[in-house]
Amino acid sequence: MKELDTSGFSCPEPVIMTKKALKESPEGLTVIVDNRASKENVTRYATALGYKVKTEEGSGNWHLMISK
Amino acid sequence: MEEVKLTSLVRSSGCNAKLPPGDLHKALDDLPSAESENLIEGFESSDDALVYSLGDGRVLIETVDFFPPMVDDPFLFGQIAAANAISDIYAMGGRPSLAMSLMCFPSCLDISVMRRIMEGAIAKAAEAGVVIAGGHTLSDREPKFGLAVTGFADECDVWSNKGARAGDAVILTKKLGTGLLMTAHKAGESDAAEAIEQMRTLNRKAAENAAGLSVHAATDVTGFSLMGHSFEVAKASGVTISIDFSSLRFLPGAEDAARFGFVPEGRYTNEDYLADKVSIADVFSITQRDMLFSPETSGGLLLFMPPEDADEYLKNSGFAFRIGEVIERGKAPVTVC
């Protein structure tokens, strides 16, 4: 699955990046976020579009698996 | 003139750039308090401004507020920053009179941008009857602007955040949702026109319409959200503030901004700090919680008045609305149902 790393970016940037990436990969992708606001906001965005989001905690970041 | 996108230069903006309330308390609680027999409100009360007795029945009210831009237009930014800073004087029941500017300005920007920010601030200050009479400027990577404002009031007319009583009606004088909409705006998802118009609107009329009416307590709603500022009043007054969610009014688009994840970072730190202080009924969704905890910029006055005075106030203030009531202190200082 395609991966998007938003580490180092703060809101709303990771949501904008996810929006662009989902246009290119509408079937889903994994988004890496490194702060809680981004984790919550990217999850809200994908959920609002009808995607499922599975979250795995890494070291100092989260992997959000976004799928149909 | 070279076009400049002010918001592209900053990490966070408006009142969302405030330090989280929890961190602030850790840093400032129990500091040696400034002793002065003339100081009526100081550090301890988390009020909107300091209040200093002039000894002749009048008080001096002093506040400072500055932040990074939430809009790209420098004139608008100056207006919003001025309206926001002056608001603290209105929230104390005072008449704003004098101000000094605080400006942080990046060397990469054309100096004409600084002039436009000042022009916006001076225009807004004039609307409030305030003279900007000096200031200080620093070179900084991120632009920031605001005012230190001085106001005056008769000592018996000062509003603080500690006088709310059980039975008082709770009135809010602007709609909520500026923080959410400006986050969506930064992402290019909203023109936020109504939010911008509201942020640059002075709280002057909101304050002046209460003349002759009984105001037991007052504050304004900014970075700590409706929940955080309600908590400050509930704590200082020893009461519980009960908010009726269905009576809140939000700017158009605020709910969608929350649902699609355009939520300012401060929303999360606000909720962390307030988790054990605010009780929100389980029926409310994550989106509705986002709307309650999101920072506001240059928000409305939150007024606590006896119900009959509140009725009178609302008759003359079409922009204001009743959002709840004050009850005896229960388990949580703030409840939302």
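This is a predicted model: local features need pLDDT of at least 70, side-chain atom pairs count only at pLDDT 80 or more; totals for chains, interfaces and linings use all residues.
1. **Conventions.** Residue numbers start from 1 along each chain as its sequence is written, while chains are lettered from A and ligands numbered from 1 in the order in which they are written.

2. **Chain A overall.** Chain A has two helices and four strands, and from the N terminus on they run β-α-β-α-β-β. (Helices, H or I with at least four residues, and strands, E with at least two, are DSSP runs numbered from the N terminus.) For 68 residues a compact globule would have a radius of gyration near 11 Å, and chain A agrees with its 10 Å. That radius is taken over C-alpha atoms, and the globule rule is 2.2 Å times the number of residues to the power 0.38. Along the principal axes, the C-alpha atoms fill a box of roughly 25 × 20 × 20 Å.

3. **Burial and contacts in chain A.** Of the 68 residues of chain A, 37% count as buried. Buried here is 20 or more other C-beta atoms within 10 Å of a residue's own, exposed is 12 or fewer, and partly exposed is in between, with C-beta atoms placed from the backbone. Take the contacts in chain A with a separation of 6 or more: residues 24 or more positions apart account for 59% of them. A contact means C-beta atoms, placed from the backbone, within 7 Å.

4. **Helix H2 of chain A.** (The expected span is 1.5 Å times one less than the number of residues.) H2(A) is mostly covered, with 10 of its 13 residues buried, including A:Val42, A:Arg44 and A:Tyr45. The cover comes from both chains: it includes H1 (13–24), S2 (28–33), S3 (52–57) and S4 (62–67) of chain A, together with H8 (254–259) and H9 (266–274) of chain B. After the helix comes A:Gly50, with a positive phi near 95°.

5. **The A–B contact.** Chain A puts in 13 residues and chain B 12. On the chain A side, H1 and H2 each supply at least two residues, and H2(A) gives the largest share, eight residues. That side divides into eight nonpolar, two polar and three charged residues. The classes are Ala, Val, Leu, Ile, Met, Phe, Trp, Tyr, Cys and Pro as nonpolar, Asp, Glu, Lys and Arg as charged, and the others, Gly among them, as polar.

6. **Chain B overall.** There are 11 helices and 13 strands in chain B. Its radius of gyration is 19 Å, close to the 20 Å that the globule rule gives for 337 residues, so chain B is as compact as a globular protein of that length. Of those 337 residues, 53% count as buried. Among contacts in chain B between residues at least 6 apart in sequence, 86% join residues at least 24 apart.

7. **Two domains.** Chain B is divided into domain 1 (6–157) and domain 2 (169–336), with bounds from an automatic or database domain assignment. Their C-alpha centres are 20 Å apart. Domain 1 brings 29 residues to the contact and domain 2 brings 34. On the domain 1 side, H2(B) supplies the largest share, 10 residues.

8. **The core.** What touches the most other members of the largest nonpolar core, a set of 109 residues? B:Ile86 and B:Phe304 do. (A nonpolar core is a set of buried Ala, Val, Leu, Ile, Met, Phe, Trp, Tyr and Cys residues joined through C-beta atoms within 7 Å.) The largest share, 11 residues, comes from H2 (74–91) of chain B. Both domains of chain B give residues to this core, so it lies between them. Not counting residues up to four places away in sequence, B:Phe304 touches B:Val215, B:His216 and B:Val326, among others.

9. **Helix H4 of chain B.** Nine of the nine residues of H4(B) (178–186) are buried, so this helix is largely enclosed by the rest of the structure. Those residues pack against H5 (193–199), H8, H9 and H10 (286–293) of chain B. Following H4(B) is B:Gly188, whose phi is positive, near 80°.

10. **B:Asp157.** This residue is in the loop between S6 (144–154) and S7 (169–172) of chain B. With 14 C-beta neighbours inside 10 Å, B:Asp157 counts as partly exposed.

Methods. Two residues are in contact if their C-beta atoms, placed from the backbone, lie within 7 Å.
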